[in-house]
Amino acid sequence: MIVTNLLNEYRKLLTARGSLAVVVTCATLLVGVAAGVPILTYSLGGPISELSASMAVAALPLTILGSVIGILIMTMDWQHRDITSILVAAPSRPQLFATKMLTSLIAGLIFSLLIIIANVTALLVLTTGGVGIDGKIFLSMAGTVLSLGIVWTLAGSAVASVLLSLPLTLVFVFVQALILDPALMFARPWGEYFQSSAITSALIGQGPVLPGLTSATLWILLPLVLGAWRQFHREAA
Amino acid sequence: MSIKFDRVSKNYGKRWALNEVSFTCPTGTITGLLGQNGAGKSTALRCVLGLSHPTQGVATIADKHFTELRQPQVMVGAVLDASAHHPGRSARNTIRLIASLLQVSASRVDDVLNLVGLGGVGGRQFRALSLGMKQRLALAIALLTNPQYLILDEPLNGLDIEGVSWFRELLVTFAREGGTVLVSSHMLAELEGYADRVVTIHQGQVLDDKNLSELPGLRELVIRSSDNEGLITALTAAGLSLQAVPGTQQLCVSAEAELVSQLAFSAGILLLEISPRRSRLLETYYLDLVAKNSHHEGKNSIL
């Protein structure tokens, strides 16, 4: 049943022209950057450490694109009002909500893996040309990419579950990622407790745990709780 | 096994969309829900489908709340808003999506698409479908599981003449086979043709709940014969009362067509015309009811 529901969520995403275009564009961008950055670094004569860490740079767009996919998964039924037919066919709102969150999580994983595979492929091509790679740095970067993918897709879904509007959530996430998060860097020391990047830093062991926890509570847990309540009670019309 | 509203109220802030609405749709019948735009018809339908939560009261199907039914999605088919689907998804994929939630086979999807006459346009994007096609698609989704209950909100909007005729046949057959239908519609002449009862909602309250057979003259026939006087004698002897239609050779009688034909045949009279009377009784009944209520409201507001 869980598998059927999950497949259905992906079917929703991939059978509608607009959302298919978004998914394909995001995947192409991520793969392009993931493969392009090491090639560019190598061609510019960057050191081995930089080349090994190229995946982290390639994963930066994932913060936004992962969120976009999460938002799309959570809002598309409500945005186009398919929700009335869906809830008549499958009336359990908690099940629908849980499926959407799980779908987002898996989508985040898939996107992260795409980046890793594209980056590894590019590095393999380069290493056959005699270039060495620092395995330790590379593995650490792979962990970063996986964390970024999961965290940002979940965060996008969580906020979207509260707002239930595609444009509104997109604006929110863009403001948060491109304006609020950088602005909080200038508000040390308390600013880091609200910075969403603190979650990933804590996850990969490159930042303190407490700011990671407060940030995860603010940007993922709280929206998730509010979103669940909203999804269970909102009129479907 | 009926659809039942028991003192259902629903408010949005200070506005009461439904106010103690109570009525029952018995098994094997078609109940028409009448009312102006904004009267509360769609809210009532959403309440019974669990899409909207009543502030007070309960709306049940087979004595259970929709979400408490063992297989609600299999038992109930619904058309609520035919235009509420992703515009960029094809008609076939739209229905496949719901079919997979219902665990209905892909062959059934093609069957219902053909049944509603959309077999040839399954690949067309939803946004490119006409209103009538969207309505047919919504009906196809409602019919996917061969449900026992149909809950339909304005299902005739945009349907062409063939579509309306097909839909009428579908509903009558569905109810005859034991299905229960609750349908809201503004097309009173159509409802007159197939509904067994009508419930009129006005400003969130039930004004009247009536069997259509209680409306005098609804099932009248217009007849014309080779010998009207002889026919009057024959039918009057059988206990039927006739009226002449002024300015014509036609007579009007409230009886089954089969009985009238038999009596005319027995009397050796040739029937030149026998057809249902084109009346606007339901419309008249509805407009009178609403006008009367508005009049009372007017009086109350003055007082």
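# Briefing: chains A and B and the contacts between them

Between chain B and chain A, 14 residue pairs are in polar contact, both residues of each pair being at pLDDT 80 or more. The model is a predicted one. The interface of these chains also holds three salt bridges, and the area buried between chain B and chain A is about 2,500 Å².

**The side of chain B that touches chain A**

- The elements of chain B that each give two or more residues to this side are β1 (3-12), α2 (72-75), β5 (76-79) and α3 (91-101).
- Of the elements of chain B, α3(B) gives the most to the side that touches chain A, with five residues.
- By class, this side of chain B comprises 13 nonpolar, 13 polar and four charged residues.
- In all, 30 residues of chain B are in contact with 28 residues of chain A.

**Buried area**

- The size of an interface is often expressed as the accessible area that is lost when the parts come together.
- Carbon and sulfur atoms give 55% of the area buried between chain B and chain A.
- Within chain B, the residues that lose the most area to chain A are Leu51(B), His86(B) and Leu101(B), which together make up 25% of what that side buries.

**Nonpolar cores**

- The largest nonpolar core has 58 residues, and Phe5(B) and Leu49(B) touch the most other members.
- Not counting residues up to four places away in sequence, Leu49(B) touches Val88(A) as well as Phe66(B), Val76(B), Ala78(B), Leu80(B) and Ile151(B).
- A second, separate core of 38 residues includes Val68(A), Leu72(A), Phe138(A) and Val151(A).

**Val181(B), a residue of strand β7**

- Strand β7 of chain B spans residues 180-184 and contains Val181(B).
- Val181(B) has a relative accessible area of 0% and is therefore buried.
- Leaving aside neighbours within four places in sequence, Val181(B) is in contact with Thr29(B), Ile30(B), Thr31(B), Leu150(B), Leu152(B), Leu171(B) and Phe174(B).
- Val181(B) and Gly28(B) are 153 residues apart along the chain, yet their C-alpha atoms are separated by 7.7 Å.

**Salt bridges between the chains**

- Side chains of opposite charge can pair when their charged atoms come close.
- Asp81(B) and Arg81(A) form a salt bridge through their side chains, at 2.3 Å from N to O.
- Lys10(B) and Glu235(A) form a salt bridge in which the closest N and O atoms are 2.7 Å apart.
- This pair joins two chains, because Lys10(B) lies in strand β1 of chain B and Glu235(A) in the segment after α11 (209-233) of chain A.
- Lys10(B) is buried at 7% relative accessibility, whereas Glu235(A) is partly exposed at 21%.

**Salt bridges within the chains**

- Over all chains, the whole structure has 14 salt bridges.
- One of them pairs Arg168(B) with Glu190(B), with the closest N and O atoms 2.9 Å apart.
- That pair links distant parts of the chain, 22 residues apart: Arg168(B) is in helix α6 (residues 161-176) and Glu190(B) in helix α7 (residues 188-194).
- Arg168(B) is partly exposed, at 27% relative accessible area, while Glu190(B) is buried, at 14%.
- Arg197(B) and Asp209(B) also meet in a salt bridge, at 2.6 Å from N to O.
- Here Arg197(B) belongs to strand β8 (residues 197-202) and Asp209(B) to strand β9 (residues 205-211), 12 residues apart.
- Arg197(B) counts as buried at 13% relative accessibility, and Asp209(B) as partly exposed at 31%.
- In chain A, salt bridges with shared partners join Glu9(A), Lys12(A), Asp77(A) and Lys100(A) into one network.

Definitions and conventions
Residues are numbered from 1 along each chain as its sequence is written. Chains are lettered from A and ligands numbered from 1 in the order in which they are written. This is a predicted model: local features need pLDDT of at least 70, side-chain atom pairs count only at pLDDT 80 or more; totals for chains, interfaces and linings use all residues. Side-chain values use heavy atoms; hydrogens and water are left out. A nonpolar core is a set of buried Ala, Val, Leu, Ile, Met, Phe, Trp, Tyr and Cys residues joined through side-chain atoms within 4.5 Å. Buried means under 20% relative accessible area, exposed over 50%, partly exposed in between (1.4 Å probe, protein chains only). Contact means heavy atoms within 4.5 Å. Buried area is the accessible area (1.4 Å probe) that two parts lose on being put together, summed over both. A salt bridge is a side-chain nitrogen of Lys or Arg within 4 Å of a carboxyl oxygen of Asp or Glu. A polar contact is a pair of N or O atoms within 3.5 Å; within protein, one must be able to donate a hydrogen and the other to accept it, and residues adjacent in sequence count only if both atoms are side-chain atoms. Helices (H or I, at least four residues) and strands (E, at least two) are DSSP runs, numbered from the N terminus. Ala, Val, Leu, Ile, Met, Phe, Trp, Tyr, Cys and Pro count as nonpolar, Asp, Glu, Lys and Arg as charged, and the others, Gly among them, as polar.
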